[in-house]
Amino acid sequence: MRKLTAFAILCLGSGAATAGDVTSAYTAYTIDKCKPTSANDTESSSEFTCIGLAGYDIYWAEGDLRTFVAYGNHGFEHCSAQQTFGAFNTLNKTVEWRLENGKPFAAIQRWNVSDETATKTKSWLGVTRIEDGNSCRVALVEGSLPGANGKAREAADRLARKFNCQTGTAEVISAAPVKAEDLMSGTPCGFE
């Protein structure tokens with residue numbers, strides 16, 4: 001019996017050692033310390049590349065009072081660089097990176113989105129998949145929900161590693177039912 005118990009503990013221990021260790025890391029950026037990405041910046045639009053986490057850049061753009069963000073090298077080419085809320089919005093400059101064994105697979109960032117009258121804002125957490133050469137939104141979590149940050153982490157861990165950026169539509173986690181395409185442009189991405 002003792003040999004069987006020792007063998008079971010050894011098997012359980014080795015299984016745990018091979019499972020991915022998922023953690024969070026946080027970075028913050030300020031636009032005045034970021035590098036302009038485009039020479040075509042105007043008063044109504046601008047693009048920057050900011051330092052993110054260990055070799056993962058943050059592409060940040062604003063146009064027509066709407067903000068776009070992508071994570072990784074050449075972010076301006078990513079799906080998420082085309083995804084923003086339809087209403088006027090701003091983006092919080094703190095990023096939560098979800099990492100497996102130290103490598104980012106998702107990012108979570110908060111938007112403040114205006115209502116139709118542009119007099120009130122609503123908070124949304126955008127959950128973004130990070131893959132080699134691309135990033136895309138996998139979930140949108142209403143920021144006023146109890147435990148919204150935990151819900152965003154859960155969505156990142158459940159969806160981001162297997163999400164298909166070309167065909168997938170972001171999941172919406174909110175108090176009232178709403179479709180991602182009614183909130184955000186560019187979902188699904190659908191470009192090659």
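## Close-up views of a predicted chain

**View 1. Contacts and elements across the whole chain.** Among contacts (heavy atoms within 4.5 Å) with a separation of 6 or more, 50% are between residues 24 or more positions apart. The model is predicted, so local features need pLDDT of at least 70 and side-chain atom pairs count only at pLDDT 80 or more, while totals for chains, interfaces and linings use all residues. Residues are numbered from 1 along each chain as its sequence is written, and side-chain values use heavy atoms, with hydrogens and water left out. The chain has three helices and 11 strands; these are DSSP runs numbered from the N terminus, helices being H or I of at least four residues and strands E of at least two. Of the 192 residues, 43% count as buried, a term for under 20% relative accessible area, with exposed over 50% and partly exposed in between (1.4 Å probe, protein chains only).

View 2. A disulfide is a covalent bond between the sulfur atoms of two cysteines; here it is assigned to a pair of cysteine sulfur atoms within 2.5 Å. The structure holds three disulfides. In one of them, C34 is joined to C50 with an S to S distance of 2.1 Å. C34 lies in the loop between β1 (22-28) and β2 (35-36), and C50 in strand β3 (residues 45-53), 16 residues apart. The torsion about the S-S bond is about 110 degrees, so this disulfide is right-handed. C34 counts as buried at 10% relative accessibility, and C50 is buried at 2%.

**View 3. The disulfide of C79 and C189.** The sulfur atoms of C79 and C189 are 1.2 Å apart. C79 is in the loop between β5 (66-71) and β6 (89-91) and C189 is in the segment after α3, so the pair ties together parts that are 110 residues apart in sequence. The link of C79 and C189 is left-handed, with -55 degrees about the S-S bond. Both C79 and C189 are buried.

**View 4. The disulfide of C136 and C165.** C136 and C165 are joined with an S to S distance of 2.0 Å. Because C136 lies in strand β10 (residues 134-142) and C165 in the loop between α2 (148-159) and β11 (171-173), the pair ties together parts that are 29 residues apart in sequence. This link is left-handed, with -75 degrees about the S-S bond. C136 has a relative accessible area of 0% and is buried; C165 is buried at 4%.
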